[in-house]
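Please find below a report on a protein assembly. The sequence and structure are shown first, and the description comes after them.

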Amino acid sequence: MFVNFIEGPLWTFALLVFLSGAAYRIYSIIKLGAKPDLATPRVQGGGGPRLVATRFLPKREFFSGSIFYFVAGYLFHLGLFVVMLFAAPHIRFIDEELLGVSWQAMPHWAFVVCAEVAFAALIVLWLRRLLDPVLKTISNLDDHFATGLTFFAMLTGCFALLESFAALRALHLLSVEILMVYFPFSRLMHSFTFVLSRGYSGAAYARRGVDL
Amino acid sequence: MARMKFLCDAERCIECNSCVTACKNEHDIPWGVNRRRVVTINDGSPGERSISVACMHCSDAPCASVCPVDCFYQTEDGVVLHDKDICIGCGYCFYACPFGAPQFPNTSSFGSRGKMDKCTFCSGGPEQDSSSDEVRKYGRNRMAEGKLPICAEMCATKALLGGDGDEVSNIYRERITYRGSASSLAYGWGVAYGKKGVKKGYSQ
Amino acid sequence: MNRAKTRLVCLFGSLVSSCLVGITIFVLSNGQVVAQEAGAGPAREALHPIRVPHPGVGLWRDARTAVVGTTQVSGVDAGVLIHSGGQDWRSFRADLLVPKSGWILTAVCLLLAVYGLVHGTIRIPGGRTGRTIERNSLNQRIAHWFMAVLFIFLMVTGLVLLYGRELLLDLVGATGLGLIASASKAGHNLFGPLFGFALVWVFALYVRKNLYQRGDIDWLSKGGGFFGGHLSCGEFNAGEKLLFWLTMIFGLAIVGSGLILSFPNFGQDRVLMEQSHVVHSLVAVAFIAMIIGHVFLATQGVEGTFEAISTGKVDENWGRAHHDLWYAEVVGDQRAPQTPPVDRERVADADVSRDS
């Protein structure tokens with residue numbers, strides 16, 4: 001039946017596309033290499049990893065202008081990651097289908113609270129993208145589709161919360177699989193490439209003696 | 001067609017809770033869920049009465065009427081059962097039931113009560129009779145084996161009667177006739193404690 | 001002159017009638033409970049005198065009227081032998097709430113449709129100037145749409161739970177309805193508390209603009225201009241202020257009762273749950289009726305209104321026609337004697353990066 005297809009071959013396909021696609025894109029970015037910098041380095045090494053860490057917080061000069069994105073962005077990402085990794089149904093799934101290990105799940109109320117936080121932040125951020133005139137102009141289909149697909153995956157997860165119907169669980173799994181297949185070809189790759197771009201900037205700036 | 005009913009004779013119930021224990025044991029019921037319970041009114045005073053209560057399998061069941069997903073059904077014997085696969089755990093049946101029969105395994109946050117569970121008159125559920133699915137979800141199906149509910153079978157004093165409604169009421173009527181009315185009690189509290197022992201309107 | 005009157009009658013009529021029906025239902029249903037608990041025995045005896053009462057009449061009367069006994073089993077209301085209130089609640093839901101609320105909501109939609117077809121949209125007097133003034137900041141618009149999106153989702157999932165058995169069972173079958181209802185219940189319980197946060201956010205952003213001002217009662221008594229003549233008002237007219245405060249009151253009631261209902265783990269007894277459900281459902285029906293009216297008026301009722309909440313800017317003639325005092329204030333600010341005329345749109349756009 002269709003549910004068996006979603007839980008079986010389609011899941012394997014999505015996982016393969018996700019892993020190999022992401023790996024290929026990271027590899028191709030690294031392969032591009034960097035232009036050789038012929039100036040004498042002011043500081044020796046370490047700039048890349050340093051910037052990856054420091055850019056998790058905005059600099060003091062820009063803080064007041066970016067509070068909204070800072071708070072909403074972190075609420076969404078943290079909420080989503082906590083839900084994905086520490087919700088009991090997800091741990092069970094990872095145990096059965098992926099890694100074969102499980103860990104302590106968080107209590108049900110914590111699961112729902114984190115999900116609510118992630119939902120609220122995502123909706124507010126998407127509304128901002130639609131209502132702010134500048135953001136509306138510069139947003140393209142990729143932006144909206146990625147946000148929409150993520151929202152749809154979360155929504156179907158919410159619908160399947162009571163874990164009573166195979167069809168609802170399959171719908172959630174299907175939306176996640178579509179997300180995984182779409183992932184390597186979209187802006188969602190920022191989840192891996194942010195390390196590369198910050199690393200590159202950090203290495204380049206640190207060589208020139210910029211205070212990171 | 002026989003209509004299955006429970007009747008608990010308050011004069012005979014000694015609050016031993018055997019019915020409660022038998023039910024929990026027979027159907028492997030988890031902690032916190034109590035299909036049957038014994039309620040004692042005026043505990044410790046003369047006129048104390050205990051009554052064993054579980055689902056009464058009403059002819060016009062309010063639980064069935066209020067369910068938003070219509071997961072209840074009635075068997076040919078008049079037993080009210082429900083389908084746990086469809087149940088959404090909203091709790092409305094618990095609010096509507098006069099006897100508080102529906103029980104929920106979780107009372108946790110955001111209304112995640114889990115699937116409703118209640119006395120099935122030992123008749124299982126919509127799955128195939130005595131299949132492993134049915135036993136896992138609804139407990140043993142004694143009726144399919146031609147037996148009566150375990151709570152009634154286990155009752156130490158035969159206070160709890162369960163079975164064909166006509167038979168049950170015949171038995172009870174016989175008892176009442178034998179016992180006599182309030183003024184001429186042949187046994188019970190009135191005999192042991194005199195007039196003081198009978199709270200007004202509390203015999204039978 | 002007649003169009004404004006009809007508009008007011010439709011909106012206020014549906015609002016008031018929903019509230020009145022709701023209050024009546026609530027009082028009646030509670031009245032029934034009180035009558036049953038108090039006077040069943042003696043009343044019956046007065047009608048049919050019985051010389052030899054049943055020997056167990058005292059026992060069963062006590063058992064029926066929520067005498068709380070002791071029990072070895074622990075659980076909510078485990079000591080209550082017979083809970084009569086459940087029947088009243090069930091009857092309220094099945095015989096009053098589900099059928100009557102359906103008619104109320106249908107009536108509201110029909111009335112508005114009739115009004116819309118007969119009367120049409122109020123145009124901007126003098127047409128559009130093409131110049132705009134800012135009415136709702138970016139933050140305000142995000143807050144409003146956040147609340148609106150949540151409201152629509154909660155409305156749909158809530159109505160599935162209310163009307164699912166009546167309307168959907170025959171269409172999708174038992175398993176289908178179970179599936180849809182399961183999804184709706186999960187969604188409704190999860191997004192409900194978020195609506196509370198949305199209410200707080202909107203309250204914080206709009207409360208100071210919705211306080212009473214001189215002229216509000218006058219505006220209401222003249223039906224917002226329905227009965228003819230021009231009415232002055234500030235940034236928000238009395239009708240909008242009424243919407244704001246009713247939203248807050250309804251919202252508080254609905255979130256409060258919703259939280260009681262969806263957190264049964266604090267040992268709430270059945271009576272509290274039933275009362276919460278009654279409040280929740282009645283307020284929901286009134287709220288939905290009111291919001292249907294609000295959506296209609298804000299989109300179809302008056303031309304040039306919707307852009308206030310979508311782009312945040314309204315045409316100057318719209319401001320002059322419908323909120324003249326506010327228009328004078330805003331325009332007056334911008335046109336100080338010595339400074340050259342400012343292109344308002346460019347000023348507003350440049351403001352984008354800052355939280356306004």
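The model is predicted, so local features are given only at pLDDT of at least 70 and side-chain atom pairs only at pLDDT 80 or more, while totals for chains, interfaces and linings use all residues. Residues are numbered from 1 along each chain as its sequence is written, chains are lettered from A and ligands numbered from 1 in the order in which they are written, and side-chain values use heavy atoms, with hydrogens and water left out.

**Interface of chain B and chain C**

Chain B brings 48 residues and chain C brings 50 residues to the contact, where contact means heavy atoms within 4.5 Å. The size of an interface is often given as the accessible area lost when the parts come together. Here the buried area (the accessible area, with a 1.4 Å probe, that two parts lose on being put together, summed over both) is about 4,000 Å², and carbon and sulfur atoms give 62% of it. Three residues, Ile88(B), Tyr95(B) and Phe110(B), supply 17% of the area that chain B buries against chain C, more than any other three residues.

Between chain B and chain C there are 17 residue pairs in polar contact, both residues being at pLDDT 80 or more. A polar contact is a pair of N or O atoms within 3.5 Å; within protein, one must be able to donate a hydrogen and the other to accept it, and residues adjacent in sequence count only if both atoms are side-chain atoms. On the side of chain B that touches chain C, at least two residues each come from β2 (37-41), β3 (49-53), α2 (62-66) and α3 (92-96) of chain B. Helices (H or I, at least four residues) and strands (E, at least two) are DSSP runs, numbered from the N terminus. With five residues, β2(B) gives the most to this side of chain B.

**Strands at the interface**

Strand β2(B) pairs with strand β1 (residues 70-71) of chain C in the antiparallel sense over two bridges; two strands pair if DSSP finds at least two bridges between them. Within this pairing, Val39(B) has Thr71(C) as its bridge partner. Strand β2(B) also pairs with β3(B), in the antiparallel sense over five bridges, and there Arg37(B) stands opposite Val53(B).

Because five of the five residues of β3(B) are buried, this strand is largely enclosed by the rest of the structure. Buried means under 20% relative accessible area, exposed over 50% and partly exposed in between (1.4 Å probe, protein chains only). In a regular strand the side chains alternate between the two faces of the sheet. In β3(B), Arg49(B), Ile51(B) and Val53(B) are buried on one side, and Ser50(B) and Ser52(B) are buried on the other.

**Salt bridges**

Side chains of opposite charge can pair when their charged atoms come close. A salt bridge is a side-chain nitrogen of Lys or Arg within 4 Å of a carboxyl oxygen of Asp or Glu. Over all chains the count comes to 28 salt bridges. Asp70(B) lies in the loop between α2 and β4 (72-74) of chain B and Arg165(C) in helix α4 (residues 138-206) of chain C, so their pair joins two chains. Across the interface of chain B and chain C the rule finds one salt bridge.

| Salt bridge | N to O distance |
|---|---|
| Asp70(B) and Arg165(C) | 3.1 Å |
| Lys137(B) and Glu127(B) | 2.6 Å |
| Asp77(C) and Arg270(C) | 2.9 Å |

Asp70(B) is partly exposed at 28% relative accessibility, and Arg165(C) is partly exposed at 25%. Lys137(B) is buried, with a relative accessible area of 18%, and Arg270(C) is buried, with a relative accessible area of 0%. In chain B, a network of salt bridges links Glu26(B), Arg140(B), Arg142(B), Glu145(B), Lys147(B) and Glu153(B).

**His323(C)**

His323(C) is located in the loop between α9 (316-322) and α10 (324-334) of chain C, and at 2% relative accessibility it counts as buried. Its side chain is joined to that of Arg135(C) by a polar contact of 3.4 Å. The side chain of His323(C) also reaches the backbone oxygen of Glu235(C) at 3.1 Å. Leaving aside neighbours within four places in sequence, the residues in contact with His323(C) include Cys233(C), Phe236(C), Asn237(C) and Glu240(C).
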